[in-house]
Amino acid sequence: MSENRSDGVDHLKRSINWKQGMAIALGVPLLILPSLGYLPMYVSAAAILVWGLSVLQGFLQNAAYAEMATTFPKASGLPGFAQLVFRSENYKGKYDKGKLIGGFTAWSYWFGWNPILAIFAILVGGYLHGLFPVLGETFSEYQLALIAGVVIFGGLFVVNWFGLKDGAMLGYILAAISLIPLVILAVAPFATGHVEMANITGSWWPTDWAWDLHHILMLFGIFGIAQWSACAWETAAIYGPEYKNPGKDVPKALLACGLICLVLYVLLQTAVIGVLGVEGVQAEAVSPLIPVAQATFGEAGSIITIIMLVAAMVLIIQTAYLGSSRAMHSMSAEGNLPKFIGKTNRQGTPFVAMLIIGAFNLVLISMGNAAAILAASAIGYTLANGISLFAYVKAKKHPAFASLERPFKAPKGWKHVALTFGLFNVPLCVVGVVYLNSLEIGWTSTWVGFLVLALYLPIWLYSQHESRRASRKAAAVHVPDRDTADSEKVLDPTSVM
């Protein structure tokens, strides 16, 4: 059962170990699927190198996040860390600007993960439309995507209503259905001799590539888009308040997810380009795995691949659904979203947040363009990573956090590594993603992204009004309000332990 807090928000329940956390996060290795044909459009076979470097970037960033997760075991991953660290110790005036920064970081993270539900529901609708001609005669791709969204979101809501352990069990099942065939598909082309290394070495960079400002901005954008997939295994840390032993479970779950991503991302992109060549990949940019399966296993292989991909997409949606709902719960707990969003059921599931996320994504599906939605969400995800790394630097340097126990510590001097990658994300990758979006999709997705991010300000202002109103009611019965107490004393580190 969830524990009740005095501020009206419920605690999450500690019920999972590192294996279960890893199982839930195993949707992340599959995030490469919509980008297998995307990166070679810009950097040809060098996409293999981009994936490898991006996963290594994830190891460097996630070492900082693992330390934060064990230092603040009640915080839900990146959104929780940022909100706790940036919260002002002694603010004066109507609003706490530090709290706004932390809340905006969490909101950006939420927007980075949340649209995954709509993106993959659209892709599922497209696959079903192509796999079953009878469905194509009855329904449009949009209708199939909407139906898929309702069925998948509703099914996952029911399964996860009973707690995170059941979500982890679903993760185990879907991982077996999707990850194992995906590994086979990554390895089989090498074993059968279908991979031609000349397809890679002969097309390492585009023939018109030049190291000018245009291409450098494109490269920053490509790394920003790749990070959306290749670094996203940090989501294993967002279940910090639900691990039985966060000091040991979080680093193990992160390491396991990272190793799986490193192997799969490099192997899959190598196999796809090695079999089809760069031009062949560009011709099948939406799903290049299908012709790879056809070449390796025949027509039956392509059908099996589509079925596997649909299962994989359900797993990705499961990962995003749970991660984004925890982000909203964390924001509500910190007073950065309305309190009702933080409500949980008896099993500790933040069901109100899950309902809001499901409804929001059904609206997003109406956009009908998965690439545009991804481009917008990548802006939020890149912002969240950059600001969260700055939060790590502050947590290492600020005296208020000096006495906290750190069961896991990143290597000495890691704050410099975190600062470097924080600046790499903000502003470089953010500018690059915006530039890349303007070249390929136009400015619509960028404006959508910034509009959703900007909507946080009025929501946050309402949340502060709600908190002050609760403070006045508490003062009337001589009960000290948490936010008021925090504003009158230096942050007590034990309050976040």
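Helices (H or I, at least four residues) and strands (E, at least two) are DSSP runs, numbered from the N terminus. The model described here is predicted: local features need pLDDT of at least 70, side-chain atom pairs count only at pLDDT 80 or more, and totals for chains, interfaces and linings use all residues. Residues are numbered from 1 along each chain as its sequence is written, and side-chain values use heavy atoms, with hydrogens and water left out.

**Pocket and cavities**

On a 1 Å grid over the protein atoms alone, a cavity is a set of points where a 1.4 Å probe fits but cannot get out, whereas a pocket is an open set with protein on both sides within 12 Å along at least five of seven lines; lining residues have an atom within 4 Å of a point. Grid points are joined across faces, edges and corners, and a volume is the space filled by probe spheres set on the points. Ala, Val, Leu, Ile, Met, Phe, Trp, Tyr, Cys and Pro count as nonpolar, Asp, Glu, Lys and Arg as charged, and the others, Gly among them, as polar.

The second largest pocket holds about 370 Å³ of space. It is lined by 18 residues, of which Pro34, Tyr38, Ala285, Ala370 and Ala371 are the closest to its centre. At least two lining residues come from each of helix H6 (116-131), helix H16 (370-397) and helix H17 (414-440); H16 gives the most, with four.

There are two cavities of 30 Å³ or more. Residues lining the largest cavity include Pro34, Leu123, Tyr127 and Met313, and the elements that give two or more residues to this lining are H6 and helix H14 (299-333). The lining of the second largest cavity includes Phe111, Phe360, Ile373 and Val452; helix H15 (351-365), H16 and helix H18 (444-454) each give two or more residues to it, and H16 gives the most, with three.

| Space | Volume | Lining by class |
|---|---|---|
| Second largest pocket | About 370 Å³ | 13 nonpolar, four polar, one charged |
| Largest cavity | About 70 Å³ | 10 nonpolar, one polar, no charged |
| Second largest cavity | About 50 Å³ | 10 nonpolar, no polar, no charged |

**Asn425**

Asn425 is found in helix H17. Asn425 counts as buried because its relative accessibility is 0%; buried means under 20% relative accessible area, exposed over 50%, and partly exposed in between (1.4 Å probe, protein chains only).

A polar contact is a pair of N or O atoms within 3.5 Å; within protein, one must be able to donate a hydrogen and the other to accept it, and residues adjacent in sequence count only if both atoms are side-chain atoms. The side chain of Asn425 makes such a contact with that of Gln61 at 3.1 Å and with that of Gln227 at 2.6 Å.
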